[in-house]
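This briefing goes from the overall fold to a single residue and its surroundings. Please keep the sequence and the structure at hand while reading.

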Amino acid sequence: MKLVVIDYGLSNLLSVCRSFAFLGCEPVVSSSPEEVLTADALVLPGVGAFADGMAGLQKLGLDDAVKKAVAAGTPLLGICLGMQMLFDEGEEFGCHKGLGLIPGRVVKLADRDTDGASLRIPHVGWNGLYPVGSEQFTGILAPLTPSDETYFVHSFAAETDASFHLADTFYGGHAVTAAVRCKNVFGTQFHPEKSGRIGLAILGEYLRLCENS
């Protein structure tokens, strides 16, 4: 299986690639639209600002390539900023268009908890995952047990219909979108590549789903 990790200049490539290599899949790192279009599966990682991420994709012609690949049925996993760019728009430093692969928008995290106390932004650390709409996880989270923890580093999060949520987490008492799915498009706000055995289980399940798709 040809797994392409998309390089657009804002990606945490090394740890992502090491995780997949540990699982027995040597990914191809590429900034080429042609490689994206011939991939069996895609990973869109990322750290940084929404506008910068979209600008990086657009400059290389990767935005259109990703959309075409997804429309053709290629599985895609977005990680952190990569997940945020899957949505229609993001409001970080103004309003900016995303890839539009999942309906919704990316907004700033609440800076006060549900009791009114100040919250530290960005949200950094380990938080539990909880399934939405069922008692058990599905999709790439199927190997997990509710309350399993993953590692987050973010100041913004997606607002989208609950039907697209695979999992939420809670920060300051507020529900925060942690993982999503829309057909062959998956996203994690957390970093599976930094989440130990739980993260490896998620990436391994993504590979399994891709191989069986």
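A contact here means that heavy atoms lie within 4.5 Å. In this predicted model, among contacts in the protein between residues at least 6 apart in sequence, 70% join residues that are at least 24 apart.

**Overall fold and dimensions**
- The secondary structure of the protein consists of six helices and 14 strands.
- The radius of gyration of the protein is 16 Å, which agrees with the value near 17 Å that a compact globule would have with 213 residues.
- When the C-alpha trace of the protein is laid along its principal axes, it spans about 50 × 35 × 30 Å.

- Of the 213 residues in the protein, 54% are buried, while the protein exposes about 9200 Å², of which carbon and sulfur atoms supply 50%.

**Proline 122 and its surroundings**
- Proline 122 is placed in the loop that runs between strand E7 (102-108) and strand E8 (123-128).
- When residues up to four places away in sequence are not counted, proline 122 touches His154 and Ser155.
- Phenylalanine 164 is 42 residues from proline 122 along the chain, and the C-alpha atoms of these two residues are separated by 24 Å.

Methods
Residues are numbered from 1 along each chain as its sequence is written. This is a predicted model: local features need pLDDT of at least 70, side-chain atom pairs count only at pLDDT 80 or more; totals for chains, interfaces and linings use all residues. Side-chain values use heavy atoms; hydrogens and water are left out. Helices (H or I, at least four residues) and strands (E, at least two) are DSSP runs, numbered from the N terminus. The radius of gyration is taken over C-alpha atoms; the globule rule is 2.2 Å times the number of residues to the power 0.38. Buried means under 20% relative accessible area, exposed over 50%, partly exposed in between (1.4 Å probe, protein chains only). Accessible areas come from the Shrake-Rupley method with a 1.4 Å probe; for residues, only the protein chains shown count as cover.
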